[in-house]
Amino acid sequence: MTDRLKELQNAGVAIWLDDLSRVRLSSGGLDKLRRENHVAGVTTNPTIFAKALSDADEYDWQLRDLATRDVDVEEAVRMLTTYDVRWACDVMRPSYDASDGVDGRVSIEVDPRSAHDADKTAAEAKALWWLVDRPNLFIKIPATEEGLPAITKTLAEGISVNVTLIFGLDRYSQVMEAFLAGLEQAQANGHDLSKIGSVASFFVSRVDSEVDKRLEKIGSDQAKSLRGKAAVANARLAYERYGEVFSSERWQKLADAGAHPQRPLWASTSTKNPDYRDVIYVEELIAPGTVNTMPEPVVHAYADHGETQADTITGAYDDARQVFADLESVGVDLADVIATLEREGVEKFEASWLELLEGVKKSLAEAAKGAGSPHRAAEGNAQNAQQAGGNA
């Protein structure tokens, strides 16, 4: 039987899971994906945690303890989410060790409400690094204009970073500059560059969703013929810029000191339009040194019918530029598309964060009412502490 995910991995694409929950951890589901489906990393975001915490009673014992201690809701959220991420880091540790620290990474995001405050973002990045206390952690920092100095400052402290919410080429170039500056400062600060990892999360399907909406509004046959082409073209041109930066003399000096490149990570890879092939944002973005983070249904879809070619990016740069020219010619303002997506991306994560806070607030109130069941609480504590390596 063809192992399509292995073929994808052999083509240079690291397969990461875009999901995490305590059920997935306690059931062994994440470890199974690592062992059987070549999943070599995990990404999370406020939306994923909001869903996980609303769907399962596996958090009840910890919520009761937090409620008993009268912990405020924001601290409770961090205790709950860092517990899961620490556990996931331990599950993914074999991938981290086998890849010399390149894969096996698990990401946790700073509070998205601080996306426009560089100092606060950098301070929270350090706090999360301390809380999780695992070498295979990534701190996710949004690629807003204000986030760029926070990225550099965080890397300079020797902390690994997943730069998220990248939509446009110019911002991506700024992200790579922030990465290089961060490593240069880290080296000056005496950090071992081989221990610092980073990915740049370039969002894909949301670009098609926004552009296709505008093409439909324009309504011409030429405009409609361009639907479903913008996202892949955008990502391919991002990979071209990646190749330019990471073949430079400046980068080579850092590589000689042990640094790993900041890999492009294709995010938002589930197909939003049912008319499109469900694995299009995997098949069309295959190239060495990339990461594709997928929801579990996309992982299984690719395992079932994905088609792997050696490289579907580097030979298509001119075609991608032509797509951009055609979009401009029919009246799509790509700069406005990117600005809209960045603004909405931060707003959506802020909304999910507030939803998460509200959900935990209600759960803490409910847990406080049921905190008088010491046997059940102790049972939950013992079970989960054992599963998470004693990291309760």
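Is Glu 296 buried, partly exposed or exposed? Select Glu 296: this residue is partly exposed, with a relative accessible area of 23%. Buried means under 20% relative accessible area, exposed means over 50%, and partly exposed lies in between (1.4 Å probe, protein chains only).

The model is predicted, so local features need pLDDT of at least 70 and side-chain atom pairs 80 or more, while totals for chains, interfaces and linings use all residues. Residues are numbered from 1 along each chain as its sequence is written, and side-chain values use heavy atoms, without hydrogens and water.

**Stop 1: Arg 24.** The term means a side-chain nitrogen of Lys or Arg within 4 Å of a carboxyl oxygen of Asp or Glu. Helices here are DSSP runs (H or I, at least four residues), numbered from the N terminus. Arg 24 counts as buried, at 13% relative accessibility.

**Stop 2: helix H10.** Select Glu 210 and Lys 213. They form a salt bridge too, at 3.2 Å from N to O. Both lie in helix H10 (residues 205-218), 3 residues apart, so about one helical turn separates them. Glu 210 is buried at 7%, whereas Lys 213 is exposed at 52%.

**Stop 3: the whole model.** Show every salt bridge. By this rule the count is 26.

Methods: Helices (H or I, at least four residues) and strands (E, at least two) are DSSP runs, numbered from the N terminus.
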